[in-house]
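Subject: Structure handover

Hello,

Here is the structure for your files. My notes on what was found in it follow below.

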Amino acid sequence: MTRLILASQSPARTKLLTEAGIRHEILVSDVDEDAVQARYGVTDPHDTALLLARAKAEAVASLPDAEGALVIGCDSVFEFDGESHGKPYTVEVAKERMVRMSGSKGVLHTGHWLVDCRETAADVDDDEIADGTGATVGAVSSAEVHFTEMSEQDIDAYIATGEPLHCAGSFTIDGLGGAFIRKVDGDPHAVVGLSISTLRELLGQANVGITELWKADAAAE
């Protein structure tokens, strides 16, 4: 049975995979995002999202528990006014961002990186069959997010819930923050944090059909 490991502790990402009927395990990386960015000096939001997704996937792929599995790493970066916005973490940063975002728009970039940790033909004897491709591939899915006008009371109430403090760009589309998103141009799953269609494309490059990962009960529906 083909195994897929999600290299993320994001509840939104695992919920997305679960609702799409995709079997997966969770194995969290210990990647220091600031250190990775400092090492490579990446400032472009699109490239930063891909770099961090790759760092997370490769960190988990190096663990013994990932042997024989496919590992998908993801990272989201919000681009607004030419700046990269990750998680705000503090009330002050979240409010400053949301005041500027009110009635405006930005682009949410979600990087994806897939590592095939299954055995390849070079790893086994001649009389054995190996499914692994050795693939290590990535892609970015981006979507333009349009925000409604938000009053200061709206912003304060939203921040008080704690939800935006640990989300790229200080908002979610699949939670309370959805009330302040007017429309999305692009893949809405990318805004949640993992594009199912992009995952399908990357799996295809590792010779795996996404239907192979469907849960038995999902496939029967």
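**Thr161 and its loop**

The side chain of Thr161 has a polar atom 2.5 Å from the backbone oxygen of Tyr158. That is a polar contact, a term used here for a pair of N or O atoms within 3.5 Å; within protein, one must be able to donate a hydrogen and the other to accept it, and residues adjacent in sequence count only if both atoms are side-chain atoms. Thr161 sits in the loop between helix 5 (152-160) and strand 7 (181-186). Helices (H or I, at least four residues) and strands (E, at least two) are DSSP runs, numbered from the N terminus. With a relative accessible area of 43%, Thr161 is partly exposed; buried means under 20%, exposed over 50%, and partly exposed in between (1.4 Å probe, protein chains only). Thr161 and Leu176 are 15 residues apart in sequence, and their C-alpha atoms are 8.8 Å apart.

**Basis of the values**

This is a predicted model, in which local features need pLDDT of at least 70 and side-chain atom pairs count only at pLDDT 80 or more, while totals for chains, interfaces and linings use all residues. Residues are numbered from 1 along each chain as its sequence is written, and side-chain values use heavy atoms, with hydrogens and water left out.

At the start of helix 2, a side-chain oxygen of Asp32 comes to within 3.2 Å of the backbone nitrogen of Asp34. Just after helix 2, Gly41 has a positive phi of about 65°.

Helix 2 (residues 33-40) packs against helix 3 (residues 45-61) at an angle of about 120°, and their axes are 10 Å apart. Helix 2 is therefore oblique to helix 3. Axes are lines fitted to C-alpha atoms, for helices over the stretch in contact, and angles run from 0 to 180 degrees between N-to-C directions. Angles under 35 degrees count as roughly parallel, over 145 as roughly antiparallel, 65 to 115 as roughly perpendicular and the rest as oblique.

On the helix 2 side, the residues in contact (heavy atoms within 4.5 Å) are Glu33, Val36, Gln37 and Tyr40, and they meet Thr48, Leu51, Leu52, Ala55 and Lys56 of helix 3. By class, the residues of this contact are five nonpolar, two polar and two charged. Ala, Val, Leu, Ile, Met, Phe, Trp, Tyr, Cys and Pro count as nonpolar, Asp, Glu, Lys and Arg as charged, and the others, Gly among them, as polar.

**Two buried polar side chains**

Asp116 belongs to strand 5 (residues 105-116) and is buried at 7% relative accessibility. Its side chain makes a polar contact of 2.9 Å with the side chain of Thr133. Leaving aside neighbours within four places in sequence, the contacts of Asp116 include Ala69, Leu70, Asp131 and Ala206.

Ser76 is in strand 3 and is also buried, at 13% relative accessibility. The side chain of Ser76 makes polar contacts with the side chains of Arg13 (3.3 Å) and Thr110 (2.8 Å). Not counting residues up to four places away in sequence, Ser76 touches, among others, Leu108, His109, Ala168 and Gly193.

**Positive phi outside glycine**

Asp81 has a phi near 55°. Asp81 lies in the loop between strand 3 (70-80) and strand 4 (83-85) and is exposed, at 58% relative accessible area. Asn207 has a positive phi of about 60°. Asn207 lies in the loop between helix 7 (196-205) and helix 8 (216-220) and is exposed, at 63%.

Regards
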